[in-house]
Amino acid sequence: MLGRKLWRTAKVYKVQFISMILLIALGISVFVGFNAEWVTIGADTESFFRDCGFADYRIIDEDGISSADVGKIRDLEGVAGVSRFLSVNADVGGSDDQLALTVTESEHTSGFVLTEGEKYDRWDPEGFWLMDKYAELNGIKPGDKLTVAFKDMEFTGTVRGLIESAEYLICVRDESQVMPDFNTYGYVYASPAMLRQVIGKQIRKEEPDIDDDIMSVAVKQACDEIFCQVNVNSSTDKEKIQAAVDKALGRSLLILTKDENVSYKESRGEMNEGKTMGAVLPVLFLAIAILTMITTMNRITISEKTQIGTLKALGFRDRRIIRHYTSYAVIISLIGSVLGMILGYLLCRMVMSQNGMMGTYFVMPDWTIHVPVWIWAIVLVIILLTIFVGYLSVKDLLRGTAAETLRPYTPRHIHRLLLEGTALWRRMRFGIKWNLRDIFRHKSRSAMSFIGTFGCMLMLVASFGMNQTMNNFLDTFYDGTAAYSSKVFMSSDAKNKDAVKLADELDGDYSASVSAKVGDKTVSVDVYNITHDMYRFIDKDSNIISLPEEGALICKRLARDFDAKPGDVVTVEPYGTDESYDILISGINGSLTESISMKEEYAESLGLTDSEAYRINSVYTMTGKDQIGTSSKITSVQSKQDIIDSFDSFMKIFYFFIIVLIVASILLCLIVLYNLGIMSYMERYREMATLKVLGFRNKAIGHLLISQNLWIAVAGTLLGIPAGTWALNFLMDMLAGEYEMETMVGPLSILSATALNLGVAVIVGWMISRKNRRINMVEALKGTE
Amino acid sequence: MKIVQFKDVTRTYVTGDHTQDALVHVDLEIEGGKFVVILGPSGAGKSTFLNLLGGLDNPTGGTIIVDGTDISTLSSDELADYRAAKVGFVFQSYNLIPTLTVLENVSLVEEIAPDHMSAQELLAEVGLDDHAHQFPHELSGGEQQRVSICRALAKNPSILLCDEPTGALDSETGVVVLKLLLKMAKEYGKTIIIVTHNQNIARMADVVIHIRSGKVTSVDEQLHPLSAEEVDW
């Protein structure tokens with residue numbers, strides 16, 4: 001019989017029940033969705049890195065690395081795998097596409113995962129293993145012929161298999177491209193046998209009568225020159241491996257850790273961003289949902305006091321009554337949690353899947369969603385907490401005798417407010433006094449309404465602010481600093497004088513990037529020749545500045561890492577040389593990369609332009625991309641629009657999270673305010689009926705009801721603005737520290753957030769105030785107080 | 001002068017398939033300035049009569065004219081204005097606003113009643129001026145009902161409608177409250193209509209109306225009503 005009562009009571013409180021289920025579901029879904037995302041990124045990429053033998057270190061020597069060197073590295077302590085590795089952008093025959101032509105001498109280091117076709121065979125002189133996504137978009141299947149050309153070498157073979165490689169988890173042409181374009185750029189693995197065959201053909205072309213023995217030596221020598229990189233699997237730390245390699249090879253080589261590889265760095269970055277996001281806003285979300293749910297649960301139990309008393313008077317044991325009322329909490333928390341887990345999973349799936357948003361960024365074979373044990377544990381705690389609150393509420397009511405429990409619940413008596421007795425108080429209309437006292441009489445309800453609107457405002461300000469910050473960042477860097485239309489990437493064949501000549505022809509500016517060591521950190525020393533205002537610089541407050549005549553600008557992150565101030569001197573050691581240069585820091589700038597920037601004249605005064613490491617690699621011009629001819633001196637030309645478009649794709653993922661946060665915040669605020677508003681309406685039903693009997697019109701009573709909600713919403717909104725700004729600063733610092741973004745919460749962000757937050761409060765107030773038309777004065781005033 | 005006229009008034013409640021006639025073809029007239037008691041057993045339709053007269057409920061059929069106005073055709077807002085200007089209610093359970101002080105409870109009608117009286121003066125008259133800044137829960141039941149009477153009178157209505165005004169009080173306090181109610185009504189020239197099942201109160205009335213099963217069974221005028229002191233409580 002109590003079972004029937006259970007469902008019928010649930011029907012009576014359907015608004016509260018549904019809102020509690022939705023609150024739990026919403027809180028858990030956002031929490032699970034955001035946290036499962038980063039856990040999934042971490043787990044799926046980690047297994048992909050492991051399956052591919054992703055290299056821990058990349059040892060680079062522009063002069064080439066011999067097989068003898070490889071042997072020495074292999075013998076080092078702690079080295080688990082070694083492979084000479086070649087990755088160059090090669091043109092695809094019959095199209096404008098490019099593929100990263102890759103050769104790894106050992107498939108166990110920097111290898112790949114086969115998704116279709118034949119296994120990798122390093123001795124197959126005609127075997128290609130092609131990126132599956134590129135193949136799919138270009139209609140290429142295993143067995144098809146493929147030709148790619150790099151410089152004057154042509155690689156022709158048959159696609160043996162389709163693959164995915166962790167080295168190209170993020171498959172971009174170069175560092176200026178933010179988002180992959182799988183239709184025009186991918187990667188292909190050629191066997192070392194094919195590389196040797198192509199080199200052999202090349203030699204034979206130049207010297208047709210070469211002897212086979214000499215040919216073998218010549219091919220080996222050419223391979224030693226073409227392989228400029230050795231990839232290493234080792235868990236030894238960088239300092240040790242650097243020292244060991246330097247000692248073994250007798251020269252100092254540039255060693256890059258996996259943290260400096262775009263695929264590894266960006267995937268870890270995405271994971272850490274998700275972790276930070278998941279640790280702040282969704283937790284706040286969950287907290288608001290739980291607190292509101294607890295308040296509602298408690299109120300419902302209290303309003304059932306007489307019925308609890310009746311059951312007790314009838315002879316039901318306390319334990320049975322507790323079980324009956326606790327089962328409401330069990331049902332609510334279970335349905336809410338299951339719903340929340342499903343929604344959270346789907347939310348995560350929208351991002352983390354082959355066809356989801358992250359699928360446009362990452363290429364990996366396994367997209368299994370991982371919901372870790374600790375998330376299940378938190379959900380379990382929420383269920384238990386809800387049940388415990390339900391239990392405590394009933395237990396509290398059952399404490400006295402049956403007669404005591406039978407008496408209707410009387411809310412806490414009102415106490416005088418500090419404001420009372422003042423002239424201001426005396427001038428207030430009764431409605432204001434009524435509402436003010438009611439707020440303090442029902443503190444928990446009022447506090448929850450405040451927390452709901454405050455939390456929503458915080459999240460809205462942070463979300464709108466993030467959006468504005470990102471847009472401002474794009475404007476600053478792509479409209480402010482990049483004044484050029486096209487950026488030309490010079491090839492390794494190009495001499496510095498070729499780049500200068502090209503810049504002259506295109507009326508452009510140029511820059512050289514020297515990779516150098518400062519302490520144990522790798523930085524880019526960028527030398528600029530700016531005569532056509534194609535490239536500009538910004539200070540730490542995003543104002544446009546010029547490069548100093550004397551000294552260099554250091555980016556904010558490096559300045560922080562090295563504790564460098566204007567006037568300090570930083571010593572840089574270009575890789576591949578035994579030189580060092582003392583650079584005077586003249587100012588701090590905002591930069592996309594970890595760099596030190598200087599004028600060419602200053603670099604000349606230091607002697608840096610004479611260094612072997614100094615190579616002009618970029619030319620900036622207003623000439624359109626299509627008007628710049630191709631040549632062996634040019635690797636690629638990128639228009640500014642390409643970069644912006646590529647960033648726009650990247651931004652879609654970002655905007656998705658912003659929209660999810662905004663929508664979820666509004667929903668949360670809506671449910672919290674509606675739930676508490678209904679509660680307030682029910683608790684003041686009798687008072688409103690009295691007012692109605694006295695002759696107050698529905699509209700006047702409605703205003704009274706709305707105004708309390710609005711005051712609380714205004715307070716929540718006002719305090720939510722600074723809290724949201726603080727949260728934004730914290731998040732941007734954690735999320736996008738590498739971009740040196742200036743957080744922006746402008747009037748538009750605040751106005752939008754305020755309009756939404758107060759809009760929700762007004763709509764909810766209006767919905768509830770309309771209910772007072774249905775107040776039955778006769779019914780409401782029956783019975784005793 | 002007839003202040004209240006019920007013409008063929010019917011009130012039927014429909015709940016699912018079940019219909020209940022609370023008032024059936026009631027025709028009734030009440031003179032202004034009289035003390036009227038409506039008597040009848042539980043479920044007879046007394047409270048329905050009072051609710052219809054007070055504009056808390058609408059009749060299913062018939063016409064109710066109060067002070068020349070047909071209130072059965074008024075809109076929701078017009079009924080609110082009617083309640084604000086013409087009638088004052090005194091309930092068995094006082095229905096004071098718990099978050100307002102005694103003075104605020106009485107003076108809140110100043111915001112709606114165009115011809116309201118001074119809350120301070122009324123409270124002084126019922127001897128509660130010392131309690132003006134206390135909250136209802138700080139008063140006894142009798143004191144709370146006195147506040148309720150003040151609030152009803154503060155609107156300066158033509159009619160005071162009382163639904164078992166002494167029902168929640170002990171007999172001694174009930175008599176005090178009743179005496180006060182009659183004194184105030186007489187002093188301010190109000191028509192007072194009390195719904196009760198207490199026969200003793202009926203002995204004090206100018207007119208006693210008996211209702212049974214939704215019908216008016218008798219209307220008795222008492223030429224010599226007793227005073228509260230003369231009634232054997």
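Start with one residue pair: B:Phe6 has B:Leu28 as its bridge partner in β2(B). This is a predicted model, in which local features need pLDDT of at least 70 and side-chain atom pairs count only at pLDDT 80 or more, while totals for chains, interfaces and linings use all residues. Residues are numbered from 1 along each chain as its sequence is written, chains are lettered from A and ligands numbered from 1 in the order in which they are written, and side-chain values use heavy atoms, with hydrogens and water left out.

Strand β1 (residues 2-15) of chain B is joined to β2(B) by ten bridges, and the two run antiparallel. Helices (H or I, at least four residues) and strands (E, at least two) are DSSP runs, numbered from the N terminus. Both strands belong to an open sheet of four, ordered β2-β1-β4-β5 (chain B), with antiparallel pairing; two strands pair if DSSP finds at least two bridges between them. At its edges sit β2 (18-31) and β5 (69-70) of chain B, each pairing on one side only. Packed on this sheet is α1(B), which touches β1, β2 and β4 (61-66) of chain B and makes about 115 degrees with the direction of β1(B). Here contact means heavy atoms within 4.5 Å, and axes are lines fitted to C-alpha atoms (for helices over the stretch in contact), with angles from 0 to 180 degrees between N-to-C directions.

## The six-stranded sheet of chain B

Chain B also has an open sheet of six strands, in the order β6-β7-β8-β3-β9-β10, and its pairing is mixed.

B:Ile38 stands opposite B:Val195 in β8(B). Helix α1 (residues 46-53) of chain B turns up again here: it lies across β3, β6, β7 (159-163), β8 and β9 (207-212) of chain B, at about 150 degrees to β8(B). Helix α5 (residues 141-154) of chain B packs on the sheet too, touching β6 and β7 of chain B, and its direction makes about 170 degrees with that of β6(B).

## Where chain B meets chain A

At the interface, 31 residues of chain B are in contact with 30 residues of chain A. The buried area is about 2,800 Å², with carbon and sulfur atoms giving 57% of it; that area is the accessible area (1.4 Å probe) that two parts lose on being put together, summed over both.

Between the two chains there are five salt bridges, each a side-chain nitrogen of Lys or Arg within 4 Å of a carboxyl oxygen of Asp or Glu. One of them pairs B:Glu111 with A:Arg429, with the closest N and O atoms 3.3 Å apart. Helix α2 (residues 76-85) of chain B gives the largest share of the side of chain B that touches chain A, six residues.
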